[in-house]
Amino acid sequence: MGAPSSGSRTMMASMTSQASARRASVRAAGPQRAALRVRAVATTAKKDVAPSATGKSAITPEAAKDVYYDMVLGREFEEMCAQMYYRGKMFGFVHLYSGQEAVSSGVIRLLRPDDHVCSTYRDHVHALSKGVPAREIMAELFGKATGCCRGQGGSMHIFSAKHGVLGGYAFIGEGIPVGVGAAFKSAYRRQVLGEESSDSVTVSFFGDGTCNVGQFYESLNMAALYKLPHIFVVENNKWAIGMNHPRATARTLGDEDPFIYKKGPAFGMPGVLVDGMDVLKVREVAQEAIARARRGDGPTLIEAETYRFRGHSLADPDELRSKEEKAKYAARDPIPQLKEYMLKSGLATEAEIKEIHDKVTAEVEDSVKFADESPKPDMSQLLENVFADPRGFGIAPDGRYRYEMPGFTTGTAQVS
Ligand SMILES: Cc1ncc(C[n+]2csc(CCOP(=O)(O)OP(=O)(O)O)c2C)c(N)n1
Ligand SMILES: [Mg+2]
């Protein structure tokens, strides 16, 4: 994309004036009407919760097997990570996603390759769902040169431009504006540069604890203001390390619990609450949000109620959550739930399910072998991409952006 022209600035002004026209119409409708609209969105959202895995949900056998494969892959990959971490193959903090698979698979398997995903430090499974090969993620976790970030990222920083994975982020909330930025690019191309085919969508994932940082609210505002093709997915696993969600978050008006999805309507976007332990429900809600974003109708906030089956990170002894709470959610494990549904409704046979498990086991074992046998990065790579290129950003004398110049990101600082 070229530098913004004065014409595009005018278009940006018009995007802003369209937004103020919308606000003016809400104001004209009066406070009572506006309040009704908010309630309507929130209530619809509750009704929108799709039929459960035990109910009637339309999914083809191919899609069901794809989603099942993805969830099993996520679970087995993470269990293998735990083993490898305790064997000293990985360094730093490693946060596992086990238990939350229905959210990643239910949303991301519906995306196109040119769509984007922004993650958190609990990022391995989002990347797997988006198509980053298990080998490249495992090698990254081992700090090897064949990893998706050439061994320079590690567990909390899984990034793959090729697969539309815009990164894991150690600082909570950091990924949300990045996701909104990607959605802005898609909308800018369509609305300002007139590229009709630009309809890619970005989904940002983050936790319940992250909803209490400012970047969440700034991002909700900007996404709504410009009707960006962005989906906010809150993975509400009830805990932010050792802080229980209701202890940290103000209750929404009239509720006993704080509902994050109700913050969507406050910013003029639908807020949807979904059972995040039921992949078919998540899928239906995501389908609607993705279609809305692609049509150009703007963002959606999805709150998926879920649970992590392990401690906050592999360094957490997980002593704060009660046995009863853990047992309650273990009984709602999304993987056996989907398996049972698939078998009962003829979406897959026992033999096909077994084949999926065997393939996943082979894929995960292969990823470990590949990571183990891969070389470490060369010392010369140590400071690459750490400091800004001394040649600076901006436009070069040939009229191209400097970052488009061959070799721009290599050799930014050499270690001999
Ligand atoms: C800006 C910032 N503040 C504080 C922290 C420390 N921190 C790490 S994880 C975490 C809790 C996040 O909880 P949640 O958003 O619910 O995600 P979950 O771990 O449950 O997936 C906090 C506060 C951080 N990483 N970044
Ligand atoms: Mg949480």
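These notebook entries record what I looked up in a predicted model.

**Conventions.** In this predicted model, I kept local features only at pLDDT of at least 70 and side-chain atom pairs only at pLDDT 80 or more, while totals for chains, interfaces and linings use all residues. Residues are numbered from 1 along each chain as its sequence is written, and chains are lettered from A and ligands numbered from 1 in the order in which they are written. I took helices (H or I, at least four residues) and strands (E, at least two) as DSSP runs, numbered from the N terminus.

**Entry 1: ligand 1.** I looked up the shell of ligand 1, where a residue is near if its C-beta atom, placed from the backbone, lies within 6 Å of the molecule. Of the 14 residues around ligand 1, those that come nearest are Ile-172, Gly-207, Gly-209, Thr-210 and Ala-240. Two or more residues are given to this shell by strand 2 (202-207) and by strand 4 (239-240). Sorted by class, the shell holds seven nonpolar, five polar and two charged residues. For these classes, Ala, Val, Leu, Ile, Met, Phe, Trp, Tyr, Cys and Pro count as nonpolar, Asp, Glu, Lys and Arg as charged, and the others, Gly among them, as polar.

**Entry 2: strand 7.** I next examined burial in strand 7 (residues 300-305). A residue is buried if 20 or more other C-beta atoms lie within 10 Å of its own, exposed if 12 or fewer, and partly exposed in between, with C-beta atoms placed from the backbone. Six of the six residues of strand 7 are buried, so the strand is largely enclosed by the rest of the structure. Thr-300, Ile-302 and Ala-304 point one way, and Leu-301, Glu-303 and Glu-305 point the other way.

I then traced the partners of strand 7, counting two strands as paired if DSSP finds at least two bridges between them. Strand 3 (residues 230-236) pairs with strand 7 in the parallel sense over six bridges, and Glu-235 stands opposite Ala-304. Strand 6 (residues 271-275) also runs parallel to strand 7, joined by five bridges. Here Leu-273 faces Glu-303, and Asp-275 has Glu-305 as its bridge partner.

**Entry 3: strand 6.** I found five of the five residues of strand 6 buried. Gly-271, Leu-273 and Asp-275 point one way from this strand, and Val-272 and Val-274 the other way. Strand 6, helix 10 and strand 7 make a right-handed β-α-β unit; right-handed here denotes that, with the strands pointing away from the viewer, the path from the first strand over the helix to the second runs clockwise.

**Entry 4: helices 12 and 3.** In helix 12 (residues 334-344), I noted Pro-334, Gln-337, Leu-338, Lys-339, Tyr-341 and Met-342 as buried. These residues pack against helix 2 (61-86), helix 3 (101-108), helix 10 (279-295) and helix 13 (350-373). Just after helix 12, Gly-346 takes a positive phi of about 70°. In helix 3, eight of eight residues are buried, including Glu-101 and Ser-104.

**Entry 5: Tyr-85.** I located Tyr-85 in helix 2. Tyr-85 counts as buried because it has 20 C-beta neighbours inside 10 Å. Leaving aside neighbours within four places in sequence, Tyr-85 is in contact (C-beta atoms, placed from the backbone, within 7 Å) with Met-90, Val-94 and Leu-314. The C-alpha atoms of Tyr-85 and Leu-141 are separated by 9.1 Å, with the two residues 56 residues apart along the chain.

Methods: Two residues are in contact if their C-beta atoms, placed from the backbone, lie within 7 Å.
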